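My notes follow the order in which I looked.

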Amino acid sequence: MFVIETSPAGQQAINAFLSYGGDPFAPSAGGHLRSQGLGSVRIAATVPAPPNHNVPEFVPENVASAFLEGLKARDTGMLPSAVYNLRKALERTVRDKNPAGSGGLKNRIKELEKLQMLPTTLVELAHTVRAEGNVEVHEDEDWSAEQVQELIDFTVLLLTYLYSLPVRIAAIAEHRGKPAAAR
């Protein structure tokens, strides 16, 4: 369903749409709408709103693509695929942030903590996304939309911390001149 804006606005527009069959964008609708005194018609919004597919700023393309695949899978009700793709985004993130890391994903997350790239709270979130992704790959799990949304939220926090915040903080420091510790 669409929220339609017309010029001029008002009840007259509703009557014009109803008498025309409700399709103000059909090729022959223009003449009909003008005969009803309407100058223009545009879609102001869709209801329900389309899903939000925002990736945190400065996330590399390969990580963003896996994350977006997870969002799209969630939107289409393919919850197991969403969980798998969120884990894939995490794996790509960990490899990007520590290319010299070794071992499996569990060990690589621990290495990020040792390198002080992730605080303990975010390490726990990363392990949650990893573990739930493992459950998806190796076990037969039924996922709820709430569980998947929680994993999406965790992943957004991780991506924001590792990619968006460092760039934003550096930009602020550059704008202000030298770092506060040096003043």
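The entries below go from the whole chain to single residues.

**Entry 1, ground rules.** I am working with a predicted model, in which local features need pLDDT of at least 70 and side-chain atom pairs count only at pLDDT 80 or more, while totals for chains, interfaces and linings use all residues. I number residues from 1 along each chain as its sequence is written, and side-chain values use heavy atoms, with hydrogens and water left out.

**Entry 2, the chain.** I find seven helices and two strands in the protein chain, where helices (H or I, at least four residues) and strands (E, at least two) are DSSP runs numbered from the N terminus. Read from the N terminus, the order of elements is β-α-α-β-α-α-α-α-α. Of the 183 residues, 32% are buried, a term that stands for under 20% relative accessible area, against over 50% for exposed and in between for partly exposed (1.4 Å probe, protein chains only). Taking contact as heavy atoms within 4.5 Å, I note that 57% of the contacts between residues at least 6 apart in sequence join residues at least 24 apart.

I looked up α3, residues 61–75, whose 15 residues reach 21 Å from the first C-alpha to the last, close to the 21 Å expected at 1.5 Å a residue; the expected span is 1.5 Å times one less than the number of residues. Its buried residues include Val-63, Phe-67, Gly-70 and Leu-71, and the cover over the buried residues of α3 includes α4 (79–97) and α7 (145–176). Just after α3, I see that Gly-77 takes a positive phi of about 80°.

I then picked Ala-82, in helix α4, which counts as buried because its relative accessibility is 0%. Apart from neighbours within four places in sequence, Ala-82 is in contact with Gly-70, Ala-73, Arg-74 and Val-148. Ala-82 also lies 8.8 Å from Ile-152, C-alpha to C-alpha, although the two are 70 residues apart in sequence.

Is Asn-98 buried or exposed? Asn-98 sits in the loop between α4 and α5, and I record it as buried because its relative accessible area is 12%. Not counting residues up to four places away in sequence, Asn-98 touches Arg-108, Glu-111, Leu-112 and Leu-115.
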